[in-house]
Amino acid sequence: MRRNYKILIFSLIILLFFSFNVTAGTENFSPDFFRELADAVNKKPKLEIPDYELLELDNGMKFYLAQDRSLPIFELRGYIDSGKINETEANTGITTLMTELMLKATENYPESELALFKEVNALSLNLGAGSDRISISGNSLSTESKELITLLAEVLIRPQFNGRHFTRTVKEYQQLYRQQFYNDSALLNMYFFKNLYGNHPYGYNYNYNLILDFLNKVDSRELRKFYAKTIQPDKISIAISGDFDLEELKKEIKSNFADWKNNAEKLSKKQVIVNPKIHQKIIVVNKEDATQASMKMGYNFYSSKYPKRIPFLMGNKIFGSGRFNSRLMENLRSDKGYVYGINSQVSYNDYGGAYFINLSLDPQKALAGMKAVREEMKKIKAGKEPLQKQELFENINLYNAIFPKAYQHQIDVLDELVYQKEFYNNSDQYLNNFINQYNGLEVQEVQQIFAEDLYPEILFTVIVGPKEKILPQFKEAGLKVEVIDNQPVS
Amino acid sequence: MIKTKVRKLYQKYFLSIYFLCILSLILIFSFTAGAEDIVLDPPEYQSFELDNGLQFMIFPDHSIPLLRYSIYYNVGSIDEKNGQTGISHFLEHLMFLGTENLPEGEIDDLISSVGGQLNAATNFDYTYYYHEVPSSMLELVMALESDRMHNLRFKEKEINREREVIKQERRMRTENNIFARGFEEIKAHAFKDSYLEHNVIGWMEDINDISIQELQNYYQRYYSPNNALVVVSGDVEAEKVKSFAKKYYADYTASNIERKEFKLPEQSKEKTKTVELNTNIPYALQLYKIPPADNLDITALEIFLDILANNQSSRLKEKLQKEAGIILDSGAFLYPLRTDSFALIYFIPSNTNLVEQAQQAFDRELRKIFAEGITTQEFKMVKKQYQKSLIFSQKNLNSAASTYALNKLRFNKAELIEEKIDFINSLSRDQLIQIARKYFSFDRRTKGYILPENKGGAQ
């Protein structure tokens, strides 16, 4: 009998043990259980800086070369130290048109032949017209690296602006810019940035009327002249990473670029002048067919040289990174259900930046949304709900986790190194210094710097949407609104 | 004696032999030059399945201390009933509103606190959720996803608030985007009364009407272990995944999932749909039915569309854009699914007055390519680009993992990509045209136009 008992008890223990094993995981689920699992502090990363060789040609063109034989590929990234900043009111849009045409045809390759040359060799090459700089990016398989260098030389040194492709591209651009008047976010950007940057090339470039005026009168000679002024070897720095033979590549670069001469012409650049008249101003751009109101709220901000950039970045991540746990998302999406997404952004330029909040919401909730954004800013500004240690920790912890991924590939590190070194005089260790700096931040410092540069009282607001649904709420609140009836250009 | 005979014969036929050798060399050379084989370097992975049918795939890569944990559910908008369109996407939103064990916002807070990121996406035939976290957080994400698979909370107030957010999303992404809005209507016309009639976001009236009970039923039916696939890529050990899989998923039971019949009606006559919107630029779309993603014909169609519309030197860009100047751009996409699906070829006429002319020119180019075929150079070019994209894709293991995962989820054929490459390597130019002709015939298409409301407007 006793023996049977023993067997029974023993069997029960075994049964209990197994049933515990099967359900142990899921039965324990509770906030505390998960919190215990989520105990992770990520290590401060240290990025490996590639061992590069700098090749500077006599004409000042620079190449940063770093081998990486992990895959049979060849990648390049680079910058030309000129951009939309060099435009005037009369030639607004010329940088974008010029870079597009440079990629279309060259003296040696008419349009169709150039497209074929790229595709037969599976080459990719792009130019991006930025506010202060033109970016270059390209890649190929390592077996076609020579062809990619040839293509780069063709595009940079021997672009062909004259011909059928010029006339057709101008016509295409005219149509594309006319279409911007039918696009909610393009209209929003136009009215926000042209007012914010005012009489400055950064602002001209969002003024589609100015661009269309220019396209109506541009000829290839004007492009050639602008090209000669802005695209010169001593303004160009290029990072190259991949599977290549260093000596052969250097030879190839020299044979393609060494004879290219500089032009002595100097480029003018000017600072953005803040226009206080736009402070607190509200513009409604009437777009009758819009079922949603798109909104931007913001003000002029520091240039790229802003010394408190890193603490401000961290503060802004807490405020408006667009993640669910950012202040703006928690309030306007999770609590109020006003928006699908909302974020705050800094746009740094060398001659004046912008700080702004992007949101899109039901037109009848436009004012409520505006007020909610302003309230969230005020809570931080006035120190009523200061940034918390945990919030800063989470953002630093996130950066520490994702930094190694963002710079996993050598070309990404080399690209950033070239950019920082050439244009901001930073050291090769810029990225590691950046990591050290955000890791060294204290929440009080971040709160102070972020709050200092938050200005809820001067927010300039542009709303694109149907005015009949937007205006009554502002009228009821006694707020003055400038209404612009969207007039598409024909 | 024999030697002398041989020598005589050799002298007699020397020239013929010589030319024969040269000819063979030319033939061999032209054959290999025209058909350079694409080579795939497949990623290494391990897979296993629990008794309840939950499948796992693990793609290790220890280069950085991060992992990506994705869970794919084999359910998407094609599985939805009439009156419940958008329910898959609606449910995706609810998955972030908390469970019986975790209050709203907590999932996001937990992932944020460890320096991770999470998100989700709903597609026509699947829904997936992913976490990107430090590798030490494997157990956390496995436990969180296990909780969401079984214990989702349905609270009226939160659901109705989320309903408003989804409506914002629909307004923002579909209604206020000219192409998306026009495309939605044209596709609905092309695939009327079928599972492809509506888009993933669903119709606004259905988003308004979907009930909490319907959401709950949908969750119970489709969010079961036998309808899911977990993919872990990055800094991870397969043994750990196995151990946590048993701990957190083994006690869930499989459900019986009955799927509706997925049949797209055969089209034997060309259809046309015009949508007038507030636009300056007109758009012309051609929609075609295509087979499921595991049909190897899909690979041939991809190549064909690059040659026809996507490449910078494609037929449409060369003839209609560069030579004739009657279009601003052209392009094409395939939407391969686990069921019959669709392809979209579009071009943007330079202005409203040129829509008809551009359509005729498009038809001419299509007829021409069907009649005359593609050139060796075109074929070689797309294969070269295909090879390049395969090599570059090795830079990002997550993208390779997702290709393998989708093929596993849809067809239980993770290595489908390898079959596809073998197929391309054996494909001839003639076969490619035959396949394209089969799917892109005029009588099987729907032509759609998005035109300016006021036709006398800007030109």
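So, chain B: we get 16 helices and 11 strands there, where helices are DSSP runs of H or I with at least four residues, strands are E runs of at least two, and both are numbered from the N terminus. Keep in mind that this is a predicted model, so local features need pLDDT of at least 70 and side-chain atom pairs count only at pLDDT 80 or more, while totals for chains, interfaces and linings use all residues. Residues are numbered from 1 along each chain as its sequence is written, and chains are lettered from A and ligands numbered from 1 in the order in which they are written.

Staying with chain B, its C-alpha trace spans about 100 × 70 × 40 Å along the principal axes. Of its 459 residues, 46% are buried; buried here means 20 or more other C-beta atoms within 10 Å of the residue's own, exposed means 12 or fewer, partly exposed is in between, and C-beta atoms are placed from the backbone.

Now the interface. I call two residues in contact if their C-beta atoms, placed from the backbone, lie within 7 Å. On that basis, 64 residues of chain B touch 59 residues of chain A. Which helix of chain B gives the most to that side? That's helix 5 of chain B, with 8 residues. By type, the chain B side splits into 21 nonpolar, 26 polar and 17 charged. For the bookkeeping, Ala, Val, Leu, Ile, Met, Phe, Trp, Tyr, Cys and Pro are nonpolar, Asp, Glu, Lys and Arg are charged, and the others, Gly among them, are polar.

Over to chain A, and strand 10, residues 353–361. Buried or exposed? 9 of its 9 residues are buried. G353(A), Y355(A), I357(A), L359(A) and L361(A) point one way, with A354(A), F356(A), N358(A) and S360(A) pointing the other. Two strands count as paired if DSSP finds at least two bridges between them. Strand 8 of chain A, residues 293–301, runs antiparallel to strand 10 and is joined to it by 9 bridges; there, N300(A) has A354(A) as its bridge partner. Strand 9 of chain A, residues 339–347, is also antiparallel to strand 10, with 7 bridges, and Q345(A) stands opposite F356(A). Strands 9 and 10 make a hairpin with 5 residues between them, and G352(A) in the turn has a positive phi of about 135°.

Next, an open sheet in chain A: 6 strands, order 1-2-6-3-5-4, mixed pairing. Its edges are strand 1 (53–56) and strand 4 (124–129), each pairing on one side only. Neighbouring strands are turned by 15° against each other on average, direction ignored; axes are lines fitted to C-alpha atoms, for helices over the stretch in contact, and angles run from 0 to 180 degrees between N-to-C directions. Strand 4 pairs antiparallel with strand 5 (134–141) over 6 bridges, and L127(A) sits opposite I136(A) there. Helix 5 of chain A, residues 145–157, packs on this sheet, and its direction makes about 155° with that of strand 5.

Last one: helix 16 of chain A, residues 410–424. Just after the helix, N425(A) takes a positive phi of about 60°.
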